[in-house]
Amino acid sequence: MKIVITGNYGAGNIGDEMILEGLLNAIKNSTKEAEITVLKDDEKFPSGFRSLMKSFFKSERKTKKLVKGCDYFILGGGGLFGSLTLKANIIWGVQALMAYFYKKPVIMYGQSVGELKGRFRKWLVKYIFQKAKLIAVRDQESKNRLKLLGITKKIHVLPDLAFNIPYKPAKRSGNSVILALRQQPNTKKKFITTITKYLNWLIEEKNFDIDIIIVQEPPSKDADEVLHEKVIAEVNNNSKIKVIPTPE
């Protein structure tokens, strides 16, 4: 059995890599015979008009070959639809549409669906989810949104795939907190001030160490490092803060 998986993998986001690891664990725990191929960020089907037309006629294209030869196509989580930009919704929608074009059963697994705005976005999400072989979302709100769109197929609600990774507790000599903030286009100064005040309290009153994990790496313009640097600059005792390198 050949399975092709695509999602926001290889794009420098540790959260998405954890989701992928959890998905791979779920597949391997259910079957030992699966031959799995994961498409990296630069191996997705092109979504621009010109590049999409080229992909139809370039018969030796690696991605096309893999999908044409697979038994199942999985579009993995997490939040690929709804809350992202229209362009992002189209990019991920094209991945499912191409799999349908080659008559492959598509599994929407570990998805979360944000607020859906605009007729085209609603049509796209309804179409690709309604045609799916299996739908598994990671929260009840996503299920509700799909139901409101008119999805009639059964929708399973499962825990986030990141929780499907075996837990290995780290040995620590004292108290510590892990901080992982997400950079947003309109992060308010008040948010940074509030977080900083809380960290100062943890460090000065409770003697905590602060470990920072960068979820979205540079060179992305949405890199979380930008927000963390602003917070670190305002903390009174920076020596109690440690930035944990993102594993490769």
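Visitor: What should be kept in mind about the model and its numbering?

Guide: The model is predicted, with local features needing pLDDT of at least 70 and side-chain atom pairs counting only at pLDDT 80 or more, while totals for chains, interfaces and linings use all residues. Residues are numbered from 1 along each chain as its sequence is written, and side-chain values use heavy atoms, with hydrogens and water left out.

Visitor: How do you know how many helices and strands the chain has?

Guide: Helices are DSSP runs of H or I with at least four residues, strands are runs of E with at least two, and both are numbered from the N terminus; by that rule the chain comes to eight helices and nine strands.

Visitor: What makes β2 and β6 edge strands?

Guide: Two strands pair if DSSP finds at least two bridges between them. The open sheet of six strands has the order β2-β1-β3-β4-β5-β6, with parallel pairing, and β2 (35-39) and β6 (155-157) each pair on one side only, while the twist averages 20° from one strand to the next.

Visitor: How do you know that β1 pairs with β2, and what joins β1 to β3?

Guide: Five bridges link β1 and β2 in the parallel sense, where the requirement is at least two, so the pair qualifies; Ile-5 has Val-38 of β2 as its bridge partner. Four bridges join β1 to the parallel β3, and Thr-6 is partnered by Leu-75 in β3.

Visitor: Why is β1 called largely enclosed?

Guide: A residue is buried under 20% relative accessible area, exposed over 50%, and partly exposed in between, with a 1.4 Å probe and protein chains only. Four of the five residues of β1 are buried, so the strand is largely enclosed by the rest of the structure; across the chain, buried residues make up 41% of the 248 residues.

Visitor: What makes the β1, α1 and β2 unit right-handed?

Guide: A crossover is right-handed if, with the strands pointing away from the viewer, the path from the first strand over the helix to the second runs clockwise, and β1, α1 and β2 make a right-handed β-α-β unit. Helix α1 (residues 14-30) lies across β1 (2-6), β2, β3 (72-76) and β4, running at about 165° to β1; such angles run from 0 to 180 degrees between N-to-C directions, the axes being lines fitted to C-alpha atoms, for helices over the stretch in contact.

Visitor: Which strands form the sheet of three, and how does α8 lie on them?

Guide: The order is β7-β8-β9, with parallel pairing in an open sheet, whose edge strands are β7 and β9. Four bridges join β8 to β9, and Ile-212 stands opposite Val-243 in β9. Helix α8 lies across β7, β8 and β9 at about 160° to β8.

Visitor: How do you know that the buried residues of α8 line one face?

Guide: Leu-227, His-228, Val-231 and Ile-232 are buried in α8 (residues 225-234). Seen down the axis, the buried residues fall within an arc of 135°, so they line one face of the helix, the arc being that of the directions from the helix axis to the C-beta atoms. With contact meaning heavy atoms within 4.5 Å, the buried residues of α8 pack against β7 (176-179), α7 (189-206), β8 (209-213) and β9 (241-244).
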